[in-house]
Structure formats: C-alpha cells, structure tokens
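Welcome! Take a moment to turn the model around on your screen, and then let us walk through it together.

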Amino acid sequence: MTTMASRLPEPYAQGSSANLADILERVLDKGIVIAGDIRINLLDIELLTVKLRLIVASVDKAKEMGIDWWEDDPALSSGARRKELARENSELRERLAQLESGSAQREPQRSQRSQKSPKSQKES
Amino acid sequence: MTGLRYVYAVCHPLGAPLQAELTGVAGDPPRLLTHHGLIAVVSHVPERDFAEQPLRAHLEDLDWLTETARAHQGVIDALTVVTTPLPLRLGTVFRDDSGVRVMMEAREDDFRHTLDRLEGRVEWGVKVYVESEPEETGEPAEKAASGRDYLRQRRRYVRAHEDLWQQAEEFASRLHAVLSSHAEDSRLHAPQNATLSGISGQNVLNAAYLVSRHESEEFVELVDRTKDDVPGLRVELTGPWAAYSFAGEETGEGDTT
C-alpha cells in the first residue's frame with residue numbers, strides 16, 4: 001500500500017504508466033522557473049512544446065492512416081531515424097536497380113542525352 | 001569539478017529518507033544539498049549531455065526528453081511521498097554546488113513563502129474525455145430511400161453529435177465547479193492532444209486541483225462517484241502529483257499582476 005506517513009490514497013495512473021503528455025505538461029510547462037548557469041532560454045522550452053504540438057497536430061492524418069507516429073516519426077525517435085535510413089536505403093537501391101535495368105533497354109536515348117552531359121566525359 | 005548540477009526541487013529537510021534505489025536524471029542518484037535550512041535535491045550530470053549546446057539538442061530528441069522527463073518526475077514523485085517539494089522546471093542546471101547555493105540564497109524568501117503555502121498539499125489532475133461519437137444509428141447500413149430520408153438521417157446524426165458535445169461541456173463545467181469547491185485552488189490547463197497522450201477520446205477538461213493530503217481520499221472518492229454519470233464521457237484522475245501547477249504563481253484568485 002502507500003507509504004503510511006503521507007496518508008495518501010493509492011496513486012492513480014502514476015509512475016511508468018502515467019501518460020507522457022501528463023508528465024511533459026508538468027515538467028516542461030509548470031513548476032518553478034529558475035535561470036540556471038546553463039541557459040536554455042525559457043523560450044526554447046516554450047518553443048519546444050509548441051513544436052511538439054505542431055508535430056502532433058500534423059501527424060493526426062498519419063494516425064488516421066494507422067501509422068504509429070510515436071515510434072515511426074524520424075523527427076521524434078532515433079530508432080525510427082535508423083529505420084527510416086534503412087528504408088530509404090533499400091528504396092534507393094530498388095530505384096537504382098530499376099534505373100539500371102531501364103537504362104539498359106533505353107540505351108540509345110541515354111547515349112544521345114549523355115553527349116550533352118558533362119558527366120559523359122568521364123565515361124568516355 | 002566533475003559534472004554539472006541538475007536541480008529537481010527545493011524542499012524542507014526530509015523527515016524520512018528517500019527510497020534507497022532511486023536513480024534520477026542521467027542515472028545519478030539524487031543528493032541532498034542543504035543551504036540555510038532548505039534542501040536542494042540535485043543530481044550530478046555530465047557536461048556532454050547537460051552543457052548548453054548538447055542540452056538544447058537533446059530537448060529536441062523526444063526519446064531523450066521522454067526518458068529525462070520520466071526520471072525527473074520519478075524523483076519528484078519520491079519526494080512527494082516524504083515531503084512537499086517545490087518542483088523546478090525540467091533542465092535547471094548549475095555549474096557546481098556553489099552555483100546552486102547562490103541560487104538558493106537569492107530565492108530563499110520566495111521558496112519559504114511558497115513552501116508554506118503548499119505545505120501538506122498535493123495536486124490531482126482530472127480530465128474529461130468525450131469517449132465516442134454517438135452511435136451512427138445505422139447511418140451507413142440503412143440506405144436512405146430518398147433525398148429527404150437522407151437529410152432526415154443526417155440531421156438526426158448531427159443533432160446527436162451536438163447533444164453529446166453540449167452534454168460534455170455542461171458536465172465538465174459542473175464537475176469543475178464541484179471539484180473546485182472541494183479544493184483549495186484549481187487551474188485549467190489546455191486540453192491535451194490525443195496524439196501526444198495516446199489516449200482515445202477528445203479531451204474537453206484538463207484541470208488541476210490543489211488538495212490537502214488529509215482531504216485527498218475524500219477528493220478521490222468524489223471524482224470516483226462522478227465517473228459514470230454521463231454515458232459517452234470518461235473521467236480520468238491522475239495523481240497525487242507534487243503541486244506543479246501551483247508552484248509558480250502566488251495564487252489563482254485575484255490574478256492581478
């Protein structure tokens with residue numbers, strides 16, 4: 001049960017299960033404001049919350065489409081950033097493969113164009 | 001001088017020890033720094049993460065921010081069990097202990113004043129959500145036989161929708177009035193965005209109430225009793241929190257500055 005000294009009821013939705021918005025709302029927006037030796041302007045934190053809200057607003061659409069914005073937004077999650085890079089990588093590889101196979105078929109066109117391209121000098 | 005000093009809170013000397021295994025921001029156990037009979041609760045944090053530039057960058061990284069916010073809140077929570085802390089905003093960092101002491105000295109009167117005002121009180125968060133859209137009365141299923149039927153159905157749907165919102169608003173302001181009368185002070189916060197909270201339903205009331213510890217049980221029961229008053233609405237209670245929402249300003253009544 002709860003600690004006796006405080007005579008408080010059981011915590012409600014606290015600890016690890018507390019919703020992140022509840023926690024951020026308090027630790028970023030509320031509490032006593034003191035300018036420390038390390039100056040992060042208050043404006044920065046205000047901007048941050050605004051930014052979070054904007055990000056959050058803009059992904060409403062994504063959520064509708066069933067995308068878990070939290071995990072998958074590369075701007076927000078470093079894990080997602082890695083995944084995003086991997087995905088981009090494989091996409092690029094795929095496109096490269098397509099281009100290569102496509103260009104093999106369209107060889108004549110390509111050589112025509114490449115006459116004007118400075119890159120062709122390297123190739124020749 | 002190794003590391004910087006991250007300050008969580010200021011409070012009176014603790015009557016009971018903090019839980020032993022508690023770790024704070026950057027994995028450092030919170031330490032108590034006494035000055036003029038007040039205590040600052042601090043962690044030693046590395047410059048590579050908490051100097052100005054890296055801290056600024058970290059604040060934009062939601063993973064880091066989440067972890068740090070939870071660690072900060074974890075320490076405040078532990079303090080709330082044994083005392084009445086004045087929680088500082090996340091990211092209050094000083095070069096060394098003497099920087100913290102200088103700050104405490106400069107703000108000493110404020111701190112004592114606010115500590116007196118909040119002594120023995122905690123904050124409860126109450127939110128009301130509109131849980132669901134009204135049932136669509138089979139709108140898509142039963143095909144409208146005519147244009148007029150369609151309009152009639154549509155009107156019924158829109159009206160049900162408006163009713164629910166109006167009900168929600170009335171319920172929320174009624175609840176707020178009742179809870180305010182059982183609290184010493186209250187604050188209305190902006191409704192939370194469902195995406196950030198990850199909670200279903202539209203948040204229509206997001207309020208904080210300052211309640212003394214010995215009246216908290218009653219307050220919780222009061223909230224509990226309202227829970228099922230209106231179908232389609234959900235009441236959510238969080239807490240007890242340290243008095244975050246009431247630590248900043250002098251008083252809610254007569255905001256005349």
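Two residues are in contact if their C-beta atoms, placed from the backbone, lie within 7 Å. Please keep in mind as we go that this is a predicted model.

In α1(A), the residues Leu20(A), Ile23(A), Leu24(A) and Val27(A) meet Thr66(B), Ala69(B), Arg70(B), His72(B) and Gln73(B) of α3(B). Sorted by class, this contact has 5 nonpolar, 3 polar and 1 charged residues. Two packed helices are described by the angle between their axes and the distance between the axes.

Now let us step back and look at chain B as a whole. Chain B has 8 helices and 9 strands. Of its 257 residues, 38% are buried. Among the contacts in chain B with a separation of 6 or more, 76% are between residues 24 or more positions apart.

How is chain B divided into domains? Domain 1 runs over 4–118 and domain 2 over 121–247. The C-alpha centres of these two domains of chain B lie 34 Å apart. Where they touch, 9 residues of domain 1 of chain B are in contact with 8 residues of domain 2 of chain B. On the domain 1 side, the elements that give two or more residues are α3, β4 (86–87) and α4 (97–118) of chain B. By class, the residues on the domain 1 side divide into 6 nonpolar, 3 polar and no charged.

Our last stop is helix α5 of chain B, residues 147–181. At 1.5 Å a residue, its 35 residues should span 51 Å, and its end C-alpha atoms are 51 Å apart, which agrees. Which residues of α5(B) are buried? They are Ala168(B), Phe171(B), Ala172(B), Leu175(B) and Leu179(B). An α-helix has 3.6 residues a turn, so residues three or four places apart point the same way. The buried residues of α5(B) pack against the strands β6 (121–130), β8 (202–212) and β9 (233–241) of chain B, and also against helix α7 (213–226) of chain B.

Notes: Residues are numbered from 1 along each chain as its sequence is written. Chains are lettered from A and ligands numbered from 1 in the order in which they are written. This is a predicted model: local features need pLDDT of at least 70, side-chain atom pairs count only at pLDDT 80 or more; totals for chains, interfaces and linings use all residues. Helices (H or I, at least four residues) and strands (E, at least two) are DSSP runs, numbered from the N terminus. Ala, Val, Leu, Ile, Met, Phe, Trp, Tyr, Cys and Pro count as nonpolar, Asp, Glu, Lys and Arg as charged, and the others, Gly among them, as polar. The expected span of a helix is 1.5 Å times one less than its number of residues. A residue is buried if 20 or more other C-beta atoms lie within 10 Å of its own, exposed if 12 or fewer, and partly exposed in between; C-beta atoms are placed from the backbone. Domain bounds come from an automatic or database domain assignment.
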